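Let's take a friendly walk through this protein model, looking at a pocket, the overall fold and some charged pairs. Here are the sequence and the structure.

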Amino acid sequence: MRILGKYRLSTFQIISLGFIMFILFGALLLMIPAASVPKGHAAFSDCLFTATSAVCVTGLVVQDTATFWTPLGQAIILFLIQVGGMGVITAAICLSFISGRKIGLLQRSLMQEAISAPQLGGIIRLTRFIVTTALAIELLGAILLLPVFIQEFGPLSGIWRAVFHSVSAFCNAGFDLMGVKEQYSSLTSFPQHGVVNLTIVALITIGGIGFLVWDDIKTHRFHFKHYRLQSKIVLTTSVILIMIPFLWLFFLEYSHLPAGQRILPSLFQSVTLRTAGFNTTDLNMISDGGQSLMIIWMLIGGSPGSTAGGLKTSTLAVLLLTAVAVFKRKEHVECFGRRIGEGIIRTAIAIVLMYFVLFFISGLIISTIEHMPLLACLFETASAIGTVGLTLGITSHLGQFSRLILIILMFLGRVGGLTVIYAAQHTHQSTKSVFPLEKITVG
């Protein structure tokens, strides 16, 4: 693809620019006077932050979604969440399906990169499967939530809230419409409601495990040994990452509750922690140790090719497997009878380092200029770059520069830091010559 007959855009540049253009488009839509409750139109800074948070399926907000935005504004936000969750490229390909346009090699290549597919073959079939499955799961989630919300808010408002929260949960966005009870309250009015908790947990989990895992489950059912290595790693890592905070919350943070009343909040918070951004309990009541654990889990995020952001479960798994191989003095990194390539290991190390540096430096900057506790600011930056959306309540009190930092982090967390870095490079330079090898001591 050429721009002005001079420059050729790479796949990474097209993906990055696609997200940027859609965020700006969303911000302009939210500036429509009828989209917000206050007279006139909302400030551009508020619209830009909200659009970025929606497209990057984060959930951090500077204005309460239920009380600041009108039904039109909420519908715009839901549209941005849906496209952002599925991916801008996926949405564009879907429009091509609907219009009957031929899907060329460029579009197939873009789709392969967008969903982290291992090969180009069968990408159109996989895209159709992803879209139809996602819409079916969101519809089922809305149906399950419908009786609860109709009883709580009435027929029309209940139906709208059921649809909104189903899409928001599946896309791991964390936006809610419960501000009519108390602003910025998320789902704290349903801490022990089984249907709401379990439905939201299921939607978050399905949306966050990755589209290729769906394909493996569809193809091989429950024959785990036939799954791709990535699916095996994602599912195993996800279970472990859910269990650790569940046990922490159950035995330490919620120990003041009867045992029977700890299960749902512990399960809900352990699932939503890495990527979704909903909460059923006040996070400010969590200990510093618990909040520190949450920060680490938020940085990890969801899985590749999913609706979630963060450095990804597979990245963490590769890093841990590399450490195990070093401890055991093994020459190669192995998992489930397969060897992991050196290139993947280098990429995983680079991603973890990049995410940690960005989140930590950003937290330091915000803490310094806003004169706020460092832990609260690190919580916020981890939530942004992990596209989680959990907050200790400081987002709406931040200045414009701090908000801009969070906008950048949300964008990097959703699009992918490496994608943005590769997009900034004009060409991929390779050379056959190598420097002489010399060993250095580490550790």
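The second largest pocket has a volume of about 480 Å³. Its lining is made up of 28 residues, and those nearest the pocket centre are Tyr 184, Ser 185, Ser 186, Asn 279 and Thr 391. Sorted by class, the lining of this pocket holds 16 polar, eight nonpolar and four charged residues. Please keep in mind that this is a predicted model.

Stepping back to the chain as a whole, you will find 18 helices and four strands. Of the 443 residues in the protein chain, 53% are buried. Its accessible surface amounts to about 21000 Å², with 68% of that area belonging to carbon and sulfur atoms. If you take the contacts between residues at least 6 apart in sequence, 68% of them join residues at least 24 apart.

Is Gln 82 buried or exposed? Its relative accessibility is 18%, so Gln 82 counts as buried, the cut-off being under 20%. Setting aside neighbours within four places in sequence, Gln 82 touches Leu 135, Glu 138, Val 167 and Cys 171.

Now to the charged pairs. The whole structure contains five salt bridges, and the table lists some of them.

| Salt bridge | N to O distance |
|---|---|
| Lys 181 and Glu 152 | 2.4 Å |
| Asp 215 and Arg 228 | 3.2 Å |
| Lys 330 and Glu 334 | 3.9 Å |

Lys 181 and Glu 152 form a salt bridge at 2.4 Å. This pair links distant parts of the chain, 29 residues apart: Lys 181 is in the loop between α8 (155-170) and α9 (194-208), while Glu 152 belongs to helix α7 (residues 123-153). Lys 181 is partly exposed at 38% relative accessibility, and Glu 152 is partly exposed too, at 40%.

Asp 215 counts as buried, with 4% relative accessibility, whereas Arg 228 is partly exposed at 28%. Both residues also take part in a network of salt bridges that links Asp 215, Asp 216 and Arg 228.

In the Lys 330 and Glu 334 salt bridge, Lys 330 is partly exposed at 44% relative accessibility, and Glu 334 is partly exposed at 46%.

Note on methods
Residues numbered from 1 in each chain as written. Predicted model: local features only at pLDDT ≥ 70, side-chain atom pairs only at ≥ 80, totals over all residues. Heavy atoms only, no water. 1 Å grid on protein atoms, 1.4 Å probe; cavity = no way out; pocket = protein on both sides within 12 Å on 5 of 7 lines; lining within 4 Å. Points joined across faces, edges and corners; volume = space filled by probe spheres on them. Nonpolar A, V, L, I, M, F, W, Y, C, P; charged D, E, K, R; others polar. Helix = DSSP H or I, 4+ residues; strand = E, 2+ residues; numbered from the N terminus. Buried < 20%, exposed > 50% of the residue type's maximum accessible area, 1.4 Å probe, protein only. Contact = heavy atoms within 4.5 Å. Areas by Shrake-Rupley, 256 points an atom, 1.4 Å probe, with all protein chains shown as cover. Salt bridge = Lys/Arg side-chain N within 4 Å of Asp/Glu carboxyl O.
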